[in-house]
Amino acid sequence: MTTVEQSVETRGRLADWFRQRISHAVSEFTAAVALVVLFVALSFASPHFLTADNLFNIGSQTAVIAIIATAQTMVIITRGIDLSVGSVAALAGVVGAMAVRDLGFSVWAATGVAVAVGAIAGLLNGLLVTVARIPPFIATLGTMSAGRGLVFIVTGAVGVYGLPKSFQLLGNGELFGVPFAVLLTAVVAVGVAFLLSQTRFGQYAYAMGSNPEAARRSGIPVGRHLTGVYVLAGVLVGLGGMIAASRVNSGQPNYGIALELDVIAAAVIGGASLFGGQGRIVGTMIGAFLIALVRNGAVLLDISIHYQQVIVGLIIWAAVYFDQYRRRRLEARG
């Protein structure tokens, strides 16, 4: 390749990088504007919205969605999808609760158990995708069904109650007046954002999502790294499930039904592309807060949960349409 050809190729790559950065910024700005508008609207619509108790509740609720949406974002970046997050979160939560009630574990040891449950589920998903060559949609759909069945088997379809007050630390505890769950979310968000943007692990994730075959030909150990993404995602789902159980001071076998819709919506609203190769944690955090506000506002305004599902579905449609529109514009300019 001549010097001129190399220069042209370099300018082309810089132009592609610049267009993608602009595209991400537009997605995140649009989501942020929607978040602010919804926040202001709810402030006027309900006198209970800006109360300290409700804002604390929003923070804790957002934490669960945001942490699990972070896991979903990593999977989506690799051109995958994880439909098992709700079932795995429920299983991790009830197993963690049972470890405290029946085995006398501390809340931190039980959190380790919940995280391990999530990691095992993530490993299973990863192996199904990379070794068994099952498409992510089908692989995680199977895990979703099996996980939900295990939850009911382990609990006998009965919630895990009789937990000590200390179990509420993750979901309802505070540190310097800030919900502990929010602090955990911040740590997870910063850590995963750094991992994706500043490490080889993150570079490989984006490469696998952008062009799996090219990534494989360039020497990236796709199977190993893709499995690693699913394992890490499972760890975060396990943590989210433990926080959710801590919020209600019990392990609920019905928890997490349709949770995958909320976290997928949060990731896509924030700019993650279902076609792979795109997504940032900053956008996912904005999307998670937006979904949490929708849920919270619906409760305050006494909107049926069935209508809430319709609203979330419409949001997903709009976000995916915008993602497709954005991609078509980028390809046209390219």
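Which residues make a nonpolar surface patch of about 590 Å²? Val 36, Phe 39, Val 40, Phe 44, Leu 50 and Leu 55 make this patch. The structure is a predicted model, in which local features need pLDDT of at least 70 and side-chain atom pairs count only at pLDDT 80 or more, while totals for chains, interfaces and linings use all residues. Residues are numbered from 1 along each chain as its sequence is written, and side-chain values use heavy atoms, with hydrogens and water left out.

View 1. Helix 1 (residues 3-45) gives the most to the nonpolar patch, with 4 residues. Helices (H or I, at least four residues) are DSSP runs numbered from the N terminus. Patches are made of residues with over 30% relative accessible area and no salt bridge, nonpolar side chains (Val, Leu, Ile, Met, Phe, Trp, Tyr) being joined within 5 Å and like charges within 9 Å. Accessible areas come from the Shrake-Rupley method with a 1.4 Å probe, and for residues only the protein chains shown count as cover. Phe 44 lies in helix 1 and counts as exposed, at 74% relative accessibility. Buried means under 20% relative accessible area, exposed over 50%, and partly exposed in between (1.4 Å probe, protein chains only).

**View 2. The largest nonpolar core and Ile 243.** The largest nonpolar core has 90 residues, and those with the most contacts inside it are Ile 68, Ile 243 and Ile 269. Helix 2 (residues 52-77) gives the most to this core, with 13 residues. Such a core is a set of buried Ala, Val, Leu, Ile, Met, Phe, Trp, Tyr and Cys residues joined through side-chain atoms within 4.5 Å. Beyond its neighbours within four places in sequence, Ile 243 is in contact (heavy atoms within 4.5 Å) with Val 64, Ile 67, Leu 170, Gly 171, Ala 181 and Leu 184.

**View 3. Ser 84 in a loop.** Ser 84 is found in the loop between helix 2 and helix 3 (85-103). Ser 84 has a relative accessible area of 1% and is therefore buried. The side chains of Ser 84 and Asp 82 are joined by a polar contact of 2.6 Å. A polar contact is a pair of N or O atoms within 3.5 Å; within protein, one must be able to donate a hydrogen and the other to accept it, and residues adjacent in sequence count only if both atoms are side-chain atoms. With neighbours within four places in sequence left aside, Ser 84 is in contact with Asn 125, Thr 140, Thr 143 and Met 144.

**View 4. Gly 118 in helix 4.** Gly 118 lies in helix 4 (residues 107-130) and counts as buried because its relative accessibility is 0%. Not counting residues up to four places away in sequence, Gly 118 touches Val 88, Gly 234, Val 235 and Gly 238.

**View 5. The salt bridge of Asp 262 and Arg 295.** Asp 262 forms a salt bridge with Arg 295, the closest N and O atoms being 2.8 Å apart. This pair links distant parts of the chain, with Asp 262 in helix 11 (residues 259-269) and Arg 295 in helix 12 (residues 281-300), 33 residues apart. A salt bridge is a side-chain nitrogen of Lys or Arg within 4 Å of a carboxyl oxygen of Asp or Glu. Both Asp 262 and Arg 295 are buried.

Methods. Helices (H or I, at least four residues) and strands (E, at least two) are DSSP runs, numbered from the N terminus.
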